[in-house]
Amino acid sequence: MASVTIRDVRKSFGSVEVVHGVFIDIEDGEFAVLVGPSGCGKSTLLRMLAGLESITAGEVLIDDRVVNMVPPKERDTAMVFQNYALYPHMKVYDNMAFSLKLRKTDQAEIDRRVQHAADILGLVPYLDRFPRQLSGGQRQRVAMGRAIVRDPQVFLFDEPLSNLDAKLRVQMRTEIKALHQRLGATTIYVTHDQIEAMTMADKIVVMQGGNVEQIGAPLELYDHPNNLFVAGFIGSPAMNFVEGVARLEGERAQIEINGGTRIDIQRVGGLEEGKPIVFGFRPEHLVLCGEGQGFRSEVIVTEPTGSEVQIVSKLGDHEVNALFRERHAFKPGEGIHMRPDVERAHVFDAETGRTLVA
C-alpha cells in the first residue's frame, strides 16, 4: 500500500481554472472520501490521481514518488467507475482477469487472484455468467473484483453507488467498507452523498468550487464545521440557519431575528453588539419547551418515518426543521415552542461565513 500526497494541484481547461491549489495528505491504508456538490472538482481531482487528466500545476505523489508524468498503467492504481465499465461479451471471470492477461501474467497466478477476489466479494457462483445476467450490485462487485486482482497500491472509486437503488446502496456501502478493512488498502472515494462520506470515511475532504473547504474525521466535521458551507453540507437533515444580529447584555448573548424574537446563543469570540450573524443548530438538537422559553414557531408539516418524526415549522422568515424520537402529532398551523441546545449550536459571521469560536 502507499500514501498519497497532493501538493498545490491545479487544473485548467483553457483559461478556466476548475481546481484551485488543492493540498491533501492521505496516509497509507486510509479511507479518504472527497465529497461535495456536482461541479466542485472532486471527480476531476480523482482523474488526475489516476492519470486520466493532466495536471496543470502542482504535484501528485504516490508513496513519495511524483507521478505527474507517469502513465496511468504505471501508477499502480485501480479505478472503479460509476457505470461499472464491464465488457458485455466477456464472462465475469474474463472481466476480472482481463488486465492480468494483458500483462501476460502466468495463468496459474491469474486463477489464484481471480478466485481470491471472487471469494472476498461472494462472486464464486457467478464467474461463468455474463454481466447481463447479473444484478446492479453484482456488476458493481465484478468491477471491484477487477480492481482487486491487480493488487494496486491505491484504490480509486468514482461515485460507484450512484446507479443503485437506495437499499442496495446501503448494502454496498457496508461491503466496500468491510472490503477496505480486510485489505487495508489506501482508498480514495468520490461521492456527492454526505451520508456515504460520514459512514465510510476515515478522513473526509469537503470541496466546493474547486477548493477544499475542510478536511477531517467525519464527526470532527459534524461537530466543528469551519464555515456555513461545511455546516450545511454535512449532516442529514441539514443544519438550520437563522440570520439576525447579536445582542449582548452582560454575560448573556442572544441573536435577534425579524419581529424582535430573541434566542440565547453562545458567547463566542468576535461577537459584538449589533453584529450580523448566522445562528446554526441541527434538527436533532432541538427540544420542546414551555411558553416563554426558546422560540415559538408555526408547524408547516409533520413527516413521520417510523423511528423519528421530522417537524418543519416557520420561525419568522426562516424555515426550521426539528427531529424528534417521540411520535408527536402536531397539526399544520399549530404553534410550538422549541429550544436549541446552545452548547451544540454554532455561530457564524454573516459576512465571511466563518465559524466564530469561543
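Q: To start, how much of the chain is buried?
A: In this predicted model, buried residues make up 48% of the 358 residues in the chain.

Q: And what is the chain built from, in terms of helices and strands?
A: The secondary structure comes to eight helices and 21 strands, and the C-alpha trace spans about 75 × 45 × 35 Å along its principal axes.

Q: What share of the contacts is between residues 24 or more positions apart?
A: Among the contacts in the chain with a separation of 6 or more, 65% are accounted for by residues 24 or more positions apart.

Q: Ok, which domains is the chain divided into?
A: There is domain 1, covering residues 4-233, and domain 2, covering residues 240-357. Taken over C-alpha atoms, the centres of domain 1 and domain 2 are separated by 38 Å.

Q: How many residues of each domain are in contact with the other?
A: Eight residues of domain 1 are in contact with ten residues of domain 2.

Q: How would one put a size on an interface like that?
A: The size of an interface is often given as the accessible area lost when the parts come together. For domain 1 and domain 2 the buried area is about 870 Å², with 52% of it on carbon and sulfur atoms.

Q: Which elements of domain 1 give two or more residues to that side?
A: Those elements are helix H7, residues 218-223, and helix H8, residues 228-233. Helix H8 gives the most to the side of domain 1 that touches domain 2, with three residues. Sorted by class, that side of domain 1 has four nonpolar, three polar and one charged residues.

Q: How many salt bridges and polar contacts run between the two domains?
A: The count of salt bridges between domain 1 and domain 2 is zero, whereas five residue pairs are found in polar contact across the interface, with both residues of each pair at pLDDT 80 or more.

Q: How many salt bridges are in the whole structure, then?
A: A search of the whole structure finds 19 salt bridges.

Q: Can you show me one in a helix?
A: Arg 112 forms a salt bridge with Glu 109, and the closest N and O atoms of this pair are 2.8 Å apart. The two residues are separated by about one helical turn, because they are three residues apart in helix H3, residues 107-121. Arg 112 is partly exposed, with a relative accessible area of 48%, and Glu 109 also counts as partly exposed, at 23% relative accessibility.

Q: Which residues are linked in a network of salt bridges?
A: Arg 247, Glu 249, Glu 256, Arg 262 and Glu 273 are linked in such a network. Within it, Arg 262 forms a salt bridge with Glu 256, and the closest N and O atoms are 3.2 Å apart. Arg 262 is partly exposed, with a relative accessible area of 32%, while Glu 256 counts as partly exposed at 21%.

Q: Switching topic, is Glu 243 buried or exposed?
A: Glu 243 counts as exposed, because its relative accessibility is 55% and the cut-off for exposed is over 50%. The place of Glu 243 is in strand S11, residues 240-249.

Q: What does Glu 243 touch, leaving out residues up to four places away in sequence?
A: Glu 243 touches Ile 255, Ile 257, Ile 277, Val 278 and His 318. As for Thr 186, which is 57 residues apart from Glu 243 along the chain, the C-alpha atoms of the two are separated by 42 Å.

Q: And Thr 5, is that buried or exposed?
A: Thr 5 counts as buried, because its relative accessibility is 13% and buried means under 20%. Thr 5 lies in strand S1, residues 4-13. Leaving aside neighbours within four places in sequence, Thr 5 is in contact with Ile 24, Asp 25, Glu 59, Val 60 and Leu 61.

How values were computed: Residues are numbered from 1 along each chain as its sequence is written. This is a predicted model: local features need pLDDT of at least 70, side-chain atom pairs count only at pLDDT 80 or more; totals for chains, interfaces and linings use all residues. Side-chain values use heavy atoms; hydrogens and water are left out. Domain bounds come from an automatic or database domain assignment. Contact means heavy atoms within 4.5 Å. Buried area is the accessible area (1.4 Å probe) that two parts lose on being put together, summed over both. A salt bridge is a side-chain nitrogen of Lys or Arg within 4 Å of a carboxyl oxygen of Asp or Glu. A polar contact is a pair of N or O atoms within 3.5 Å; within protein, one must be able to donate a hydrogen and the other to accept it, and residues adjacent in sequence count only if both atoms are side-chain atoms. Helices (H or I, at least four residues) and strands (E, at least two) are DSSP runs, numbered from the N terminus. Ala, Val, Leu, Ile, Met, Phe, Trp, Tyr, Cys and Pro count as nonpolar, Asp, Glu, Lys and Arg as charged, and the others, Gly among them, as polar. Buried means under 20% relative accessible area, exposed over 50%, partly exposed in between (1.4 Å probe, protein chains only).
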